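I'm opening my notebook on a new structure today. I want to jot down what I look up, one stop at a time.

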Amino acid sequence: MSKKYTKKRITVNMNKADKNPTGGLSEKGRKKYNRATGGNLQRPVTGKVKRGSKDAKRRKSFCARMSGVKGAMKDSKGRPTRKALALRKWKCK
C-alpha cells in the first residue's frame, strides 16, 4: 500500500496595501506572496501583445482559468468583485 503525499497549503495574509484597487496584487503584494510561498507571481498582461507570443498565451490561460471560477461579478452593493476587477485588468472578454 502506498502513502499519499500532499503539499502543505501555505496561506499568506494580505492586507489592503498588498492589493491593487484596480484588480490583482500590487508589486508589494506579489513580492510578499513570492517570499512566503517560493512562487513566481508576475505582473498581469495588460498591454497589446502579438498573437501567439508568450504573453498572449499567458493571458489566454489566465482568462480561461479565471473565467471558470464560480462567483458573482458584483457584490450586494453593486460594486465589482475582485474577480471582476482581475478579469477587467487582464482584458479578458
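**Ground rules.** I'm working with a predicted model, where local features need pLDDT of at least 70 and side-chain atom pairs count only at pLDDT 80 or more, while totals for chains, interfaces and linings use all residues. Residues are numbered from 1 along each chain as its sequence is written, and side-chain values use heavy atoms, with hydrogens and water left out.

**Entry 1: helix 2.** I looked up residues 54–67, which make up helix 2. Helices here are DSSP runs of H or I with at least four residues, numbered from the N terminus. Helix 2 has 14 residues and reaches 20 Å from first C-alpha to last, close to the 20 Å expected at 1.5 Å a residue. The expected span is 1.5 Å times one less than the number of residues.

**Entry 2: its two sides.** Which residues of helix 2 are buried? I found Ala56, Arg59, Phe62, Cys63 and Met66. Down the axis of helix 2, these buried residues fall within an arc of 130 degrees, so they line one face. (The arc is that of the directions from the helix axis to the C-beta atoms.) An α-helix has 3.6 residues a turn, so residues three or four places apart point the same way. On the face turned away from the buried side I noted the exposed residues Lys54, Lys57, Lys60, Ala64 and Arg65. Buried means under 20% relative accessible area, exposed over 50%, and partly exposed in between (1.4 Å probe, protein chains only).

**Entry 3: the partner.** What do the buried residues of helix 2 pack against? It's helix 3, residues 82–89. Phe62, Met66 and Ser67 in helix 2 meet Lys83, Ala86 and Leu87 in helix 3, with contact meaning heavy atoms within 4.5 Å. Helix 3 has its own buried residues: Lys83, Ala84, Leu85, Ala86 and Leu87.

**Entry 4: the angle.** The two helices pack at about 160 degrees, with their axes 10 Å apart. That makes helix 2 roughly antiparallel to helix 3, a label for angles over 145 degrees.

**Entry 5: Arg82.** I then checked Arg82, which sits in helix 3. Arg82 is partly exposed, at 36% relative accessible area. Its C-alpha is 8.7 Å from that of Thr22, 60 residues apart along the chain.

**Entry 6: Lys91.** Last, I checked Lys91, in the segment after helix 3. Lys91 has a positive phi of about 60 degrees although it is not a glycine. Lys91 is exposed, at 51% relative accessible area.

Notes: Axes are lines fitted to C-alpha atoms, for helices over the stretch in contact, and angles run from 0 to 180 degrees between N-to-C directions. Angles under 35 degrees count as roughly parallel, over 145 as roughly antiparallel, 65 to 115 as roughly perpendicular and the rest as oblique.
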